[in-house]
Amino acid sequence: MADAPVRLRFAPSPTGHLHIGGARTALFNWLLARKLGGTFVLRLEDTDAERSTREFEREILRDLAWLGLIWDEGPDVGGPHGPYRQTERADLYRALAERLLASGHAYRCTCSPQRLEAVRAEALARGEKPRYDGHCRDLGLGPSCGPHVVRFRMPGDGVVAVHDLVKGPVEIRDEELDDFVLVRSDGLPTYNFAVVADDHGMGITHVLRGDDHLNNTPKQVHLYRALDAEPPRFGHMPLILGPDGKRLSKRHGATSVGAYRDLGFLPEALVNYLARLGWAHGDLELFDIDELVRVFSIEGIGTSAGRWDMDKLMWVNQHWIARLPVERVARDAAPFLAALGLTGPFDDSRAHLAVDAVRSRARTLVQVATMAAFCFLPDERLPYDDAAVRKFLVPDAAPLLETVLERLKRLPSWERASIEGAISEWLQASGLGLGAVAQPVRVAVTGSRVGPGLFETLEALGRDRSLARLERGLGMARDGALHGV
RNA sequence: GAUCCCAUCGUCUAGGCAGGUCAGGACACCGGGUUUUCAUCCCGGCAACACGGGUUCAAAUCCCGUUGGGAUCGCCA
């Protein structure tokens with residue numbers, strides 16, 4: 001690549017949550033910017049006054065940051081090409097529109113929405129592509145023509161050929177295009193106008209966006225030409241579809257980044273999965289964000305739409321839950337622990353032991369929290385699995401529990417190695433197998449028949465609780481004898 | 001309907017641009033092993049070049065068509 005520094009952007013509209021499709025677009029642009037040592041710009045396309053809110057804006061910024069996609073220029077941090085909200089750039093659009101009007105590349109149009117609708121319906125009825133019929137094109141309407149929009153004067157006879165960064169050469173004939181609206185009657189720019197004005201004004205060099213924008217590209221290229229400007233390099237990425245191959249919607253479940261965070265997914269997992277959906281680097285599956293920056297390339301971007309696959313996301317999440325530093329996982333799991341009504345601290349060494357013990361069997365942070373709950377629950381609130389109790393806290397188990405309790409009580413220090421030492425020593429001497437004792441002990445201290453290794457479990461639970469629950473379990477086992485269960 | 005894009009296991013994909021390993025990896029699924037339960041981990045299995053033509057000694061790979069899927073056709077973005 002040349003010396004000219006590249007500039008990429010992500011330009012969401014704050015009319016909703018950060019969607020996973022948008023997140024992937026942001027990720028790819030961010031990756032390319034980082035890969036090429038360029039700048040990543042965040043711009044808010046908030047010209048839809050009806051639906052844009054500051055609340056959504058805050059949420060989008062928060063979620064992008066959560067994913068680790070930090071911007072160099074943006075509405076909150078500023079930069080040399082601001083402002084970074086389209087509603088704050090009205091003067092720029094106005095000036096540009098005047099320029100286009102003056103040069104004859106645009107004209108005023110007073111057609112009513114009703115007339116437009118009629119024209120559209122007529123075209124459709126004839127089986128044609130609905131397009132503006134150019135009614136006002138040559139009327140030479142001036143500024144005082146009343147309520148009007150500004151339309152772009154499409155040349156109409158050539159072909160726009162763009163070399164798409166991911167799809168290769170794409171051609172669209174001008175006759176397919178119509179005189180689209182640049183400035184609405186309320187004076188605000190439309191998307192196609194604002195995006196060109198801003199990408200040009202902000203010196204954007206590369207644009208990676210969804211396939212759904214491919215059809216907008218020729219219009220935008222014409223605008224660049226009318227502005228006598230060089231368009232950026234475009235790359236259109238395939239869309240993310242639902243598991244059924246249909247457009248992804250709420251119907252398919254969670255579609256926003258925030259929803260996945262709330263479901264217990266790590267940002268590392270979402271980034272990893274999003275990257276692999278529509279992009280590949282040989283046979284490799286697992287990447288952290290730094291590795292992605294290192295190996296990312298446009299050539300690796302695929303051409304066909306991908307389907308959202310929860311199972312694969314789960315697997316990736318499970319991988320990062322198991323591999324990230326335990327402190328990180330514990331920190332991210334804390335809100336989920338709290339949501340279970342448990343009380344912390346969730347960031348001390350005990351909490352780390354608990355999270356570390358359960359994380360290899362969790363696919364989400366919700367599961368981490370649920371599985372680690374036995375460590376944080378007061379003894380009297382520990383739930384017992386009925387079937388487990390009936391099967392393992394039986395009279396036969398009483399003497400075993402008694403011995404375990406006795407030996408553990410005598411332990412001078414409470415850590416995995418010493419616990420294991422005490423128990424295996426006894427097992428060895430008595431000829432018993434660990435299998436015979438592990439389950440009764442596990443059920444006594446966790447209430448469940450499944451869980452981490454026994455010694456990790458006891459270590460994480462801590463001496464006092466372990467002994468107290470063993471005591472209680474012993475009572476339950478004897479009780480079983482009393483009732484002949 | 002018109003235009004544009006796309007097409008390898010159920011899913012994500014490698015391979016395609018520079019045709020020549022009975023198409024490789026991963027998820028899911030099935031089976032087995034390790035193990036202290038459940039997981040992790042390890043081993044094995046199932047499973048695909050949408051179809052039809054062409055070019056060629058040779059096509060998943062290049063070309064055309066068909067079919068299928070998706071996107072777009074707003075004073076939304």
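Mentor: A residue counts as exposed when its relative accessible area is over 50%, as buried when that area is under 20%, and as partly exposed in between. Keep those cut-offs at hand as we look at this model, which is predicted.

Trainee: Thanks! Where do Arg94 and Asp91 sit in the chain, and how far are they separated?

Mentor: Start with the general idea. An α-helix has 3.6 residues a turn, so residues three or four places apart point the same way. Here, Arg94 and Asp91 are three residues apart in helix 3 (residues 90-102), about one helical turn. Their side chains meet in a salt bridge, with N and O 3.0 Å apart.

Trainee: Are Asp91 and Arg94 buried, partly exposed or exposed?

Mentor: Asp91 has a relative accessible area of 57%, so it is exposed. Arg94, at 48%, is partly exposed.

Trainee: What about Arg261 and Asp262: how far apart are the closest N and O atoms of their salt bridge?

Mentor: Those atoms are 3.9 Å apart, and the cut-off for a salt bridge is within 4 Å. Asp262 is exposed at 53%, whereas Arg261 is buried at 18%.

Trainee: Which residue forms a salt bridge with Glu285?

Mentor: Lys312 does, with the closest N and O atoms 3.2 Å apart. This pair links distant parts of the chain, 27 residues apart: Glu285 lies in the loop between helix 8 (267-276) and helix 9 (289-295), and Lys312 in helix 10 (residues 310-323). Both count as partly exposed, Glu285 at 25% and Lys312 at 28%. Salt bridges can also share partners, and in this way Arg9, Arg43, Glu45, Arg89, Asp198 and Asp199 are joined into one network.

Trainee: How many salt bridges does the count come to?

Mentor: The count comes to 39.

Trainee: Let's turn to the RNA. How many residues surround RNA strand B, and which are the closest?

Mentor: There are 63, and the closest are Gly127, Arg184, Gly278, Arg361 and Gly451. By class, this surface has 25 charged, 19 polar and 19 nonpolar residues. Helix 10 gives the largest share, five residues.

Trainee: Which part of the RNA does the protein meet?

Mentor: Look at the RNA atoms within 4 Å of the protein: 68% belong to sugar or phosphate, and the rest to bases. An N or O atom in the side chain of Lys167 is 2.9 Å from a sugar or linking oxygen of RNA strand B. For the side chain of Arg51, such a distance is 3.3 Å.

Trainee: One more residue, please. Is Thr446 buried or exposed?

Mentor: Thr446 has 10% relative accessibility, so it counts as buried. You will find Thr446 in helix 17, one of the elements that supply at least two residues of the surface near RNA strand B.

Trainee: Which backbone atoms does the side chain of Thr446 reach?

Mentor: That side chain reaches the backbone oxygen of Arg442 at 2.8 Å and the backbone nitrogen of Ser448 at 3.1 Å. Leaving out residues up to four places away in sequence, Thr446 touches Phe374, Leu382, Pro383 and Thr457.

Technical notes
Residues are numbered from 1 along each chain as its sequence is written. Chains are lettered from A and ligands numbered from 1 in the order in which they are written. This is a predicted model: local features need pLDDT of at least 70, side-chain atom pairs count only at pLDDT 80 or more; totals for chains, interfaces and linings use all residues. Side-chain values use heavy atoms; hydrogens and water are left out. Helices (H or I, at least four residues) and strands (E, at least two) are DSSP runs, numbered from the N terminus. Buried means under 20% relative accessible area, exposed over 50%, partly exposed in between (1.4 Å probe, protein chains only). A residue is near a molecule or strand if one of its heavy atoms lies within 4 Å of it. A polar contact is a pair of N or O atoms within 3.5 Å; within protein, one must be able to donate a hydrogen and the other to accept it, and residues adjacent in sequence count only if both atoms are side-chain atoms. Ala, Val, Leu, Ile, Met, Phe, Trp, Tyr, Cys and Pro count as nonpolar, Asp, Glu, Lys and Arg as charged, and the others, Gly among them, as polar. Contact means heavy atoms within 4.5 Å.
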